[in-house]
Amino acid sequence: MTVTRLTLDLDALARNFAVLRDTAGVEAAPAIKADGYGIGALEAALRLWDEGARSFHVARLTEGEAVRAALGDRQATIYLLDGPTPGSQARLRAADLTPVINSLDQAAAWDGPAVLHIDTGMNRLGLTAAEAATLVDRPDVVLVMSHLACAGQPGHPMNALQLDRFRAVRALFPHARASLASSGGIFLGRDYAFDQVRPGISLFGGGPHDRPDARITTVATLEAAILQVRHVPAGETIGYARAFTAERDLTVGILAAGYADGVPWSAHPGGSVWFEGALRRMVGRVSMDMIAVDLTGCAAARPGEMVELLGANLPVDDAARAAGTTAYELLTRLSSRAERRFVSRT
Ligand SMILES: *Cc1c(COP(=O)(O)O)cnc(C)c1O
């Protein structure tokens with residue numbers, strides 16, 4: 001019997017890809033770093049290829065190698081966001097990865113087809129405008145990109161500022177394609193689309209603006225079985241450190257999922273699960289293997305019943321917010337202990 005189950009809906013992934021691509025109106029190159037946001041980079045790459053994706057972004061060299069191997073003889077472009085890190089050149093060529101040039105040192109270390117990453121204000125990776133200007137004569141720049149710091153906040157003035165700065169540098173490379181928008185940027189308007197968008201989180205079910213969004217479909221559903229149902233009298237405490245006290249007599253379900261499965265420790269006291277048509281609060285600290293939830297009044301509360309911790313009824317953005325984190329962190333921390341099941345009707 002499966003007690004902790006992670007269901008990954010590849011049809012929903014395909015639907016989200018179509019929404020993001022059609023909203024942008026240009027090529028969508030999926031960001032499938034961190035094992036496809038915890039969903040499964042290889043399964044995602046293969047399905048997205050079938051949906052028409054022809055380029056992908058990953059962060060690490062090992063991720064790029066794994067995606068290249070999974071794609072076999074499919075001629076995809078795989079961009080490596082880390083760029084040509086010291087000593088990686090032979091492996092970049094062997095796996096036919098297109099590195100993103102983040103600094104002048106990286107520019108000097110690589111002489112094949114490359115992406116220039118322009119820093120337009122995030123101050124993370126990337127070339128300054130002045131540094132980029134020194135590379136205008138490189139014939140092998142295939143793409144010029146930048147990354148928005150506040151794409152999740154549509155009204156933020158930083159978005160327009162970064163757009164202006166990107167346009168100025170982009171004009172120096174008229175023969176290269178250009179890419180600025182991640183999931184959030186896609187919904188800022190077509191001005192932000194350029195030639196290619198790079199959606200990540202919204203492919204995998206997170207809203208583009210850090211909250212549930214009706215245009216995006218749930219991909220990951222995490223469910224756990226009830227291991228035991230117990231009566232907890234008023235005044236008793238539940239779990240480690242006695243962090244919760246029953247304010248009245250409660251019926252409590254002990255679920256087979258804990259922080260080792262990816263339920264954040266910080267989900268108590270704010271977090272909930274979905275059972276019998278409603279949200280049910282967590283009562284007591286999240287343990288390694290278990291959580292306790294208030295199932296008082298639930299007729300179906302019995303061992304073996306499955307409870308939803310993440311899914312269509314409990315969007316990843318809401319679950320993340322309740323735990324003081326983001327959909328990005330929640331998804332990438334889903335662990336391999338839960339039994340994974342990919343579903344698809346096509
Ligand atoms: C992760 C990443 C993306 C995807 O961002 P989302 O917000 O997940 O859509 C796009 N571009 C770069 C450079 C990234 O690092």
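The structure holds 0 disulfides, a disulfide being defined as a pair of cysteine sulfur atoms within 2.5 Å. The model is predicted: local features require pLDDT of at least 70 and side-chain atom pairs count only at pLDDT 80 or more, whereas totals for chains, interfaces and linings use all residues. Residues are numbered from 1 along each chain as its sequence is written, and side-chain values use heavy atoms, with hydrogens and water left out.

Cys298 is buried, with a relative accessible area of 9%. Cys150 counts as buried because its relative accessibility is 13%, the term buried denoting under 20% relative accessible area (1.4 Å probe, protein chains only).

The ligand is surrounded by 14 residues, each with a heavy atom within 4 Å of the ligand. The closest are Lys33, Tyr37, Ser183, Ile201 and Tyr328. The shell comprises 7 nonpolar, 4 polar and 3 charged residues; Ala, Val, Leu, Ile, Met, Phe, Trp, Tyr, Cys and Pro are counted as nonpolar, Asp, Glu, Lys and Arg as charged, and the others, Gly among them, as polar.

A ligand oxygen atom lies 2.5 Å from an N or O atom in the side chain of Ser183, and for the side chain of Lys33 the distance from a ligand oxygen atom to an N or O atom is 2.6 Å. A nitrogen atom of the ligand is 2.9 Å from an N or O atom in the Arg198 side chain. Taken alone, the ligand exposes 390 Å², of which the protein buries 92% (Shrake-Rupley method, 1.4 Å probe).

Methods:
A polar contact is a pair of N or O atoms within 3.5 Å; within protein, one must be able to donate a hydrogen and the other to accept it, and residues adjacent in sequence count only if both atoms are side-chain atoms. Buried means under 20% relative accessible area, exposed over 50%, partly exposed in between (1.4 Å probe, protein chains only).
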